[in-house]
Amino acid sequence: MDHLTVVTHPLVQHKLSLMRDKGTPTAVFRQLLREISQLLAYEVTRDLPMTTRAIETPMQAMDAPVLAGRKMALVSILRAGNGLLDGILELVPSARVGFVGLYRDEATLEPVQYYFKVPDQLDERLVIAVDPMLATGNSSAAAIDLLKAKGATDIRFLCLLAAPEGIARMKAAHPDVPIVTAAVDERLNESGYIVPGLGDAGDRMFGTK
Ligand code: URA
C-alpha cells in the first residue's frame, strides 16, 4: 500500500461534510462515523490475501474466492477510536480487538500510557489501528511504538481526518505504516486541533464537552 491513501469516494466525502457541520446532532454524528468506518475499512483491507474454496452453486461446481484467513487485530486508540470499531467489526467479525489509552502530559506535552490491552500473537496479525483524528501524530506514533514493542510488524492506520503535520510525524516515525483517511485538512491550530476539522471527535461522538 502507499504510505497515504485518501478515500475520495463521493459517499465518504458527503458523509464527512455532514459530520463536520457543527449542527449535526450527536446520534447522527455517531451513525455517520460508523458508516464511513465501513467505507474506509473497504479500502484498508483491499489487498487481503485470497484463496479459493471448492463449492457447488445450484448450477455447477466452482472454485470460489474466499479470504485466506489472515488473522487480524483492530486496535482502538481511546477514546475516539471506539467510534470506528463497531462498523469495521460488522465487516470483519472474526477480528480480535485491542485498546490503547494515552493522554497528553500538559507539562511535557508527551503522550502517557494509561491503558494497554491487545490480542496475543500480534506478530501473526494484520493490525489496523484506528483513531478518527490524526492531528499532531504524537499519540498515534506512540501507540504504534507500543504495538511494535508487542511484536506487530504489519500495521495500518485508519483515520477519518488527518493534518499534514500528523502525516509527516507518522511518516518520520513509522514509514512502514500506511495511513488511510477520508481527507487531509489544511493545518493544526495553536491548540493542536485540525482546521477546518470537525472539532473534538470524542466530544462530538459522546455528547461531552
Ligand atoms: N482530536 C480531535 O478530536 N480533534 C482534533 O481536531 C484534533 C485532535
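Predicted model: local features only at pLDDT ≥ 70, side-chain atom pairs only at ≥ 80, totals over all residues.
Residues are numbered from 1 along each chain as its sequence is written. Local features need pLDDT of at least 70, side-chain atom pairs count only at pLDDT 80 or more, and totals for chains, interfaces and linings use all residues, while side-chain values use heavy atoms, with hydrogens and water left out.

**Exercise 1.** Describe how helix 4 and helix 5 are arranged and which residues meet.

Solution. 
1. Take helix 4 as residues 138-149 and helix 5 as residues 164-173 (DSSP runs of H or I, at least four residues, numbered from the N terminus).
2. Their axes come within 9 Å and cross at roughly 25° (lines fitted to C-alpha atoms over the stretch in contact, with angles from 0 to 180 degrees between N-to-C directions).
3. Helix 4 and helix 5 are therefore roughly parallel (angles under 35 degrees).
4. In helix 4, Asn138, Ser140, Ala141 and Ile144 meet Arg169, Met170 and Ala173 of helix 5 (heavy atoms within 4.5 Å).
5. By class, the residues of this contact are four nonpolar, two polar and one charged (Ala, Val, Leu, Ile, Met, Phe, Trp, Tyr, Cys and Pro are nonpolar, Asp, Glu, Lys and Arg charged, the others, Gly among them, polar).

**Exercise 2.** Characterise the lining of the largest pocket.

Solution. 
1. The lining has 27 residues, with Asp131, Met133, Ala135, Ser139 and Asp200 nearest the centre of the pocket (a pocket is an open set of points on a 1 Å grid over the protein atoms alone where a 1.4 Å probe fits, with protein on both sides within 12 Å along at least five of seven lines; lining residues have an atom within 4 Å of a point).
2. Helix 4, helix 6 (201-206) and strand 5 (96-104) each supply at least two lining residues (strands are DSSP runs of E, at least two residues).
3. Twelve lining residues are nonpolar, nine polar and six charged.

Key:
Parallel < 35°, antiparallel > 145°, perpendicular 65-115°, else oblique.
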